Amino acid sequence: MYAIEVKNVSKRYGAVQALDDVSFSVKKGEVFGLIGPDGAGKTTLYRILCTLLLPDAGSSFVDGFDVMSQMHEVRKRVGYMPGKFSLYQDLTVEENLKFFATLFGTTIDEGYDSIRAIYSQIERFKDRRAGALSGGMKQKLALSCALVHSPSVLFLDEPTTGVDPVSRKELWDMLLMLRERDITIMASTPYLDEVRRCDRVAFLHHGKMEGIGKPDVVLEQFRDIFMPEALPLHGSAEGGSPIISVSHLVKAFGSFHAVDDISFTVQKGEIFGFLGANGAGKTTAMHMLTGLNQPTSGTGTVVGYDISTEYEQIKKHIGYMSQKFSLYEDLTVAENIRLFAGIYGMKKKEVERKMDELLHQLKFEKHKNDLVGSLPLGWKQKLAFSVSIFHEPGVVFLDEPTGGVDPATRHQFWELIYETAQRGITVFVTTHYMDEAEYCDRISIMVDGKIKAIGTPEELKKEYHQPDIDGVFTLLARQATRSSD
Amino acid sequence: MKTFLSFILKEAKHILRDKRTMLILFGMPVMLMLLFGFAITTDVKNVRTVVVTSFQSPQTQAAVERLAQSEYFTITQTVATPQEAERLIRNQKADMGLIPSPKGGGSDGLQWQIMVDGCDPNMAQQWTTYAQSILSQPIDAKHYTPPSPLEFPSPLGEGLGARSWLGVRLLYNPQMRSAYNFVPAIMGMLLMLICAMMTSISIVREKERGNMEVLLVSPVRPLMVIIAKAVPYLMLAFAILITILLMAHYVLAVPLAGSLFWILVVSTIYIILALSLGLLISNIAKTQLVALLLSAMVLLMPVVMLSGMMFPVESMPVVLQWVSAVVPPRYYIEAMRKLMIMGVGIGDVAKEVIILTVMTLLLLAVALKKFNVRLE
């Protein structure tokens, strides 16, 4: 008997064909990966299998029950973790778990065996509010909540997005342990290392099932999308003047040192990767560099201005793009560009000329008057990046700029970064994708508020005897002692 | 049952841990009660009065004295000509001018002209009525204690048959205290707002965070999810109701003339009605912001404007009267006025109670029917 059977399922929202004649089946106890870019129809598929949506056509069975007619039976047997699932922030860890346990008609004690491996890691924080947990711990708690009633099928919609590599590995170790208990898992992920840990994967694109099979086979089959040619390494910047220079920077919140005595320099035109696990202090450090936050002690200059006194000047001479905020979705492409150019005080004529140039370069001319909300995520990210360097800043800060898109789109994004660096704009980037770290000229790895390693990717790999940056990162981040992660 | 209880417990924790919202929920009724009770009052008090002394007689003296003795009027100035009095009113120095003239036909041979600042017609009307009644007191009683102006001894009883006037007696609210009027109105407004707004927001919040998907996928019946979400707000509404009643009684001295039991029963029906409305809103709204706007705008506006809380329904255009016929607070406020202030039995508010009950059942049925067991 198959744990999940999907036969010719289609679903349409208005003009969008979310799922187009999708069929596949998953064996009991299998770990099944669902891969594909944002908007490929993954979430719709999850919702249909969890009885939350009715398909327009086709039929599907979960654990032998029809998702359309046997809703209650299906709901008793599945565990579901939606992508944006965020627990109850104002309840404690234990209260959250207790609530979900009773929801499924069981108790923590009864279900403890099924969640022991995961929950034991966060149990010491059981009186802490879920809102105060780090990303990795939240996911572990969410997974505990989804598992407490020992479901026979578990649906995980991008469970590791925004989680640092070490926590991701731990989470997947746990998932693979569940397989031994015959729980079928269907999970989606944008990370290739996670894709490779699945038994089989299906590649969904524009609502169509493009390929299904062993991970390596599928990845090979769609090589262009998943494993684009490695970028030619960007020529390391000539030893010009340092554009960012920081010494003994400290940011303390009470007795807690979020950033604990860091010193480094970044050369003009360099691509500098700023890595660290969740809670290591990356964001706080970035805030100090961009003038959003004042250091407790230590000094630093960015584009020649002092970060403690001349932060207003700094803000004028840098660009900033974060994953959370990019552009206004309800404004058109041109309106967004004009707005941000206006914020930086650019002349009107110059804005129009440069905008045409930019749109031409991005091949966006046709979409000049489209609402940003209607563009695919990858396009938005490219546009947001172009807007952040529109006023020709000395440095651009990118805070996890490529979340949620497929490797091919990320690859295009990095080509854009390379071009920018070529033009002499320094790029300061944080990312959770370790393959992206390899593209940087130099990287630093933060652990517990300190910079544990800094250098070119090659140097670091040699120093720590690891085949790739992922290995180096995992090695260093595992030494973290901070309780927040 | 255990699931149900743990659900309610979880919901209660959400409410209790959100200190700021709690503060607003309990602060708002208290604030409103104090504001309406002490600051915004439509009672007549200390009207600045200017008396024109172009004609004087012992009778005018006596009348003016009587006026000054009442707490309603304060004689701020005396001037020589009516023109001066008018100027004072125009300059916002006085609210009312009194001009006596000798050629009147009254028993005391006096006629009064009253000049009033008519910017607020309602208030002007009230001042005039008050002043008229005091001035037209029988002059004979030299040591006359000022009565409540609208509650005069019948002229016949005094044996002063020479004059005829209308004797007005105010029932239920002899001092014309506006608190009697607005306490039921505030109850109607606040209970509606809090129940409808808070339930809809709390349900939509679960949708927004993706938690609703998980709750729906669990074996728990969706209906139970919704009822469990409503119960803590039901209790919260009761707490607020009791706060209002206590404040009305002990701070504003509004009598609870009717049976407390029936007041609570009718309120419960009304609260359930408001909760169903909140549920309906949560079906439509996709984000917390929309839920907030819907409950604030769509509910609050008609409640304030059309429920008879501020403007009497009877004096509205017919079309608006029809609209107001479907505004539930109208019946609740009406019933509360009767029960609390008039102290009538439940039989006398049967009409309102029946209408409210029917509305509640209807709304509840629609809300539960529309509640989706799936997404979309």
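Trainee: What is the mean pLDDT of chain B, and what share of its residues reach 70 or more?
Mentor: This is a predicted model, so start there, as you did. Chain B has a mean pLDDT of 79. In that chain, 85% of the residues reach 70 or more.

Trainee: Where in chain B is confidence lowest, and where is it highest?
Mentor: Lowest is helix H6 (residues 155-158) of chain B, with a mean of 39. Highest is helix H10 (residues 260-284) of chain B, at 90. Also look at residues 141-165 of chain B, where the pLDDT is below 50. Beyond near neighbours in sequence, that stretch has 33 contacts in the model.

Trainee: How should I treat coordinates where pLDDT is low?
Mentor: Don't read them in detail.

Trainee: And the complex? Which ipTM and pTM does the predictor give?
Mentor: An ipTM of 0.70 and a pTM of 0.73.

Trainee: How many residues does each chain put into the contact between A and B?
Mentor: Chain A gives 23 residues and chain B gives 21. On the chain B side, helix H1 (2-17) and helix H8 (211-217) each supply at least two residues. H1(B) has the largest share of that side, with seven residues.

Trainee: Back to chain B by itself. How many helices and strands?
Mentor: 14 helices and four strands. Of its 376 residues, 35% are buried. Take the contacts in chain B with a separation of 6 or more: 72% of them join residues 24 or more positions apart.

Trainee: How is chain B divided into domains?
Mentor: Domain 1 is 2-40 + 177-370, and domain 2 is 47-158. Their C-alpha centres are 45 Å apart.

Trainee: Now helix H4 (residues 108-122) of chain A. What does that one span?
Mentor: Only 14 Å between its end C-alpha atoms. A straight helix of 15 residues would span 21 Å.

Trainee: Where does H4(A) bend?
Mentor: At Ile115(A), by about 90°. Ile115(A) is buried, and so are Gly111(A), Ser114(A), Ile118(A) and Tyr119(A). Helix H3 (93-103), H5 and helix H6 (165-179) of chain A are among the elements covering the buried residues of H4(A).

Trainee: Which residues touch the most other members of the largest nonpolar core?
Mentor: Leu49(A), Phe155(A) and Ile185(A), in a core of 76 residues. Helix H5 (residues 135-147) of chain A supplies the largest share of this core, seven residues.

Trainee: What is Ile185(A) in contact with, leaving aside its neighbours within four places in sequence?
Mentor: Val31(A), Phe32(A), Leu154(A), Leu156(A), Leu175(A) and Leu178(A).

Trainee: What are the domains of chain A?
Mentor: Domain 1 is 2-226 and domain 2 is 242-477. Their C-alpha centres lie 32 Å apart.

Trainee: Is Ala437(A) buried or exposed?
Mentor: Buried, because 24 C-beta neighbours fall inside 10 Å and the cut-off is 20 or more. Ala437(A) is in helix H16 (residues 434-438) of chain A. Its contacts beyond four places in sequence are Gly273(A), Leu275(A), Thr431(A), Ile443(A), Pro457(A) and Ile469(A).

Trainee: Last topic, backbone angles. What is the phi of Lys363(A)?
Mentor: Positive, about 60°, although Lys363(A) is not a glycine. Most residues other than glycine have a negative phi. Lys363(A) is in the loop between helix H13 (348-362) and helix H14 (377-388) of chain A. Lys363(A) counts as exposed, with 8 C-beta neighbours inside 10 Å.

Trainee: And what about the phi of Ala253(B)?
Mentor: Near 55°, also a positive value. Ala253(B) is in the loop between helix H9 (222-250) and H10 of chain B. With 11 other C-beta atoms within 10 Å, Ala253(B) is exposed.

Definitions and conventions. Residues are numbered from 1 along each chain as its sequence is written. Chains are lettered from A and ligands numbered from 1 in the order in which they are written. This is a predicted model: local features need pLDDT of at least 70, side-chain atom pairs count only at pLDDT 80 or more; totals for chains, interfaces and linings use all residues. Domain bounds come from an automatic or database domain assignment. A nonpolar core is a set of buried Ala, Val, Leu, Ile, Met, Phe, Trp, Tyr and Cys residues joined through C-beta atoms within 7 Å. A residue is buried if 20 or more other C-beta atoms lie within 10 Å of its own, exposed if 12 or fewer, and partly exposed in between; C-beta atoms are placed from the backbone. Two residues are in contact if their C-beta atoms, placed from the backbone, lie within 7 Å. pLDDT is the predictor's confidence in each residue, from 0 to 100. The expected span of a helix is 1.5 Å times one less than its number of residues. The bend at a residue is the angle between axes fitted to the seven residues ending there and the seven starting there.
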